[in-house]
Amino acid sequence: MENDIKTLFAPFFRKPFNKDFLADRKTLIVIDTNYLLSILRLSPDLAIKYINALINNKENIYIPYIVALEFNFNKSSVKYENKKNIETINEIKDNIKKVLSESQIKLSKILLTDQLDRIKRHNDTYLKKLDSELHSIKETDRNKTDNDTYNSLIDAISTKIGEKPTQLSINNIEAEGKTRYENKIAPGYNDEKNKVGSRSFDGIEYQRKYGDLLIWKDIILKAKELKKKRVIFVTDDGTSGKKDDLFYKIDGNKIGPAIEMMDELYKDSNADLYILRNEHFVSETVELNEQQKQEIRNLSIANKEIVYKTNLNDNEKLIKELNQEIQDLQIENLFLLDNDDELQAKNRKENEDRIEKLKIALTRQNSYNKLLKMVYGQKEKEKDQKHNENYIDISDEDLPF
C-alpha cells in the first residue's frame with residue numbers, strides 16, 4: 001500500500017488560518033497569560049474590547065491552569081505599575097506648573113505689567129485645560145476604572161479555567177523538559193536561563209522555566225479530551241527577537257508555529273495548530289482603530305521590558321542567596337578548622353566541596369546577570385521597536401511549506 005504524503009506529513013499541509021475558525025465549535029481558543037495581563041495595562045476602552053473578544057468567543061475559550069496561576073501571581077505587579085504611572089503623570093503636571101510659575105517670576109523683571117498679565121492669563125488657561133484633560137486619570141478615578149475592568153475580566157474567564165495538574169504529572173513533564181530543552185525542542189527552551197526559581201501554590205510546585213511546557217501539555221490533553229479539530233493559541237510571546245521558541249523559521253523569518261509543536265499536537269490529539277498575536281485575535285472579533293492598534297504594539301514593547309526587569313530581579317535574588325550560603329558555610333568551617341574529630345573533618349570537607357560548587361554557580365549567574373544588562377540596552381529597545389513595526393502575523397499568510 002502506497003503512503004499518502006499529506007497523511008505522512010500532515011502539519012506541512014495544514015490549511016491556512018480562516019477567521020471563521022474562531023466561531024467553529026471544533027476550535028479550542030487558548031489564551032496566554034500575557035493577554036490577560038495586557039487587559040490590566042491597557043486604556044479602559046481598549047481593555048473592554050479585549051474582554052469583549054473573550055466574551056464573543058466564550059464557547060471556545062480555554063485557559064490552562066498554569067496560565068491562570070501565573071496571571072494571579074503577576075496581577076498585583078501590574079496594578080502597582082499602574083499606580084506608579086498615575087503618580088508619574090501627577091509629578092509631570094506639578095513640574096509644568098512649577099516651570100510656568102518660575103518663568104513668570106523671571107519675565108516680571110523684563111516685561112511691562114500688561115504684557116505679564118496677558119502671559120499669566122494664557123498660562124492659567126493652559127493649566128485649566130491640562131487639569132481637565134488629566135482629570136479622567138486621577139488616581140481615585142483610575143482605580144475605580146481599573147477595578148471595574150478587573151472584575152469584568154474575572155467574570156469573563158471564571159468558568160474557563162482548566163484543572164489543576166497533579167504533582168506527579170508536573171514532575172514527569174519537567175523530567176521530559178530537561179531532555180527537550182537540551183535538544184531545543186519547542187516550546188519553552190528559551191526560558192531555561194531567563195526564568196529562575198519555582199512557583200508553589202495549593203500543594204503543587206513547578207520550576208518557572210518549564211511553565212510554557214506545562215501549559216503546552218495541558219493544551220494537548222484538552223484538545224484530545226474535547227476532540228477538537230484545531231487549536232488557536234493567542235499570545236504575544238515570540239514578537240520579540242529574544243524569544244522565538246514557538247515558531248518555525250527560515251533565514252530568521254518566522255513563517256509558522258514550530259514544526260515539532262504542530263506535529264506533536266496532530267499526533268496526540270489530531271488537531272491543527274495556529275498562533276495568533278493578541279492584536280490579531282481581538283481585531284478579528286471587534287473593531288480596532290489605528291490608535292488602538294498602536295497602543296497594543298507599544299504595550300507589547302513595554303511588556304518585554306517588564307519581563308527583563310523581572311528576570312533581572314530574580315537573578316539578582318539568586319546571586320544574593322548563593323553569596324549568603326557561601327558565607328554561612330565559610331563561617332561554619334572556621335569553627336571546624338581546629339577540630340581533629342573525624343566526623344567534623346568530614347563535614348568540613350563536604351562544606352568545602354559545596355562551596356566550590358556554589359562558587360561555580362555564582363560565577364555563572366554573575367555572567368548571566370551581566371549579559372541581561374548588556375542585551376537590554378537602548379539598542380535592544382530600538383531593535384524591538386523595529387521588529388514590532390515590521391512583524392507580519394504568521395496567521396495572515398498561507399504557510400509556504
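A: What follows is a close look at one helix pair and the side chains around it. The model is predicted, so local features are described only at pLDDT of at least 70 and side-chain atom pairs only at pLDDT 80 or more, while totals for chains, interfaces and linings use all residues. Residues are numbered from 1 along each chain as its sequence is written, and side-chain values use heavy atoms, with hydrogens and water left out.

The pair consists of helix 7, residues 167–182, and helix 9, residues 211–225; helices here are DSSP runs of H or I with at least four residues, numbered from the N terminus. Their axes come within 10 Å and cross at roughly 115°, where an axis is a line fitted to C-alpha atoms over the stretch in contact, and the angle, from 0 to 180 degrees, is taken between N-to-C directions. Helix 7 and helix 9 are therefore roughly perpendicular, a label given to angles of 65 to 115 degrees. Their crossing is right-handed, which means that the near helix is turned clockwise from the far one by less than a right angle.

Helix 7 brings I170, I173, E176, G177, R180 and Y181 to the contact, where they meet L213, L214, W216 and K217 of helix 9, contact being heavy atoms within 4.5 Å. By class, the residues of this contact are six nonpolar, one polar and three charged; Ala, Val, Leu, Ile, Met, Phe, Trp, Tyr, Cys and Pro count as nonpolar, Asp, Glu, Lys and Arg as charged, and the others, Gly among them, as polar.

Two residues of helix 7 in this contact, E176 and R180, also form a salt bridge with each other, at 3.0 Å from N to O; the term requires a side-chain nitrogen of Lys or Arg within 4 Å of a carboxyl oxygen of Asp or Glu. Because they lie four residues apart in helix 7, about one helical turn separates E176 from R180. E176 is partly exposed at 31% relative accessibility, whereas R180 is buried at 7%, where buried means under 20%, exposed over 50% and partly exposed in between (1.4 Å probe, protein chains only). E176 and R180 also belong to a network of salt bridges that links them with K217 and E264.

Helix 7 also holds S169, which is partly exposed at 24% relative accessibility. S169 lies 48 residues from K217 in sequence, with 9.8 Å between their C-alpha atoms.

Conventions
Angles under 35 degrees count as roughly parallel, over 145 as roughly antiparallel, 65 to 115 as roughly perpendicular and the rest as oblique.
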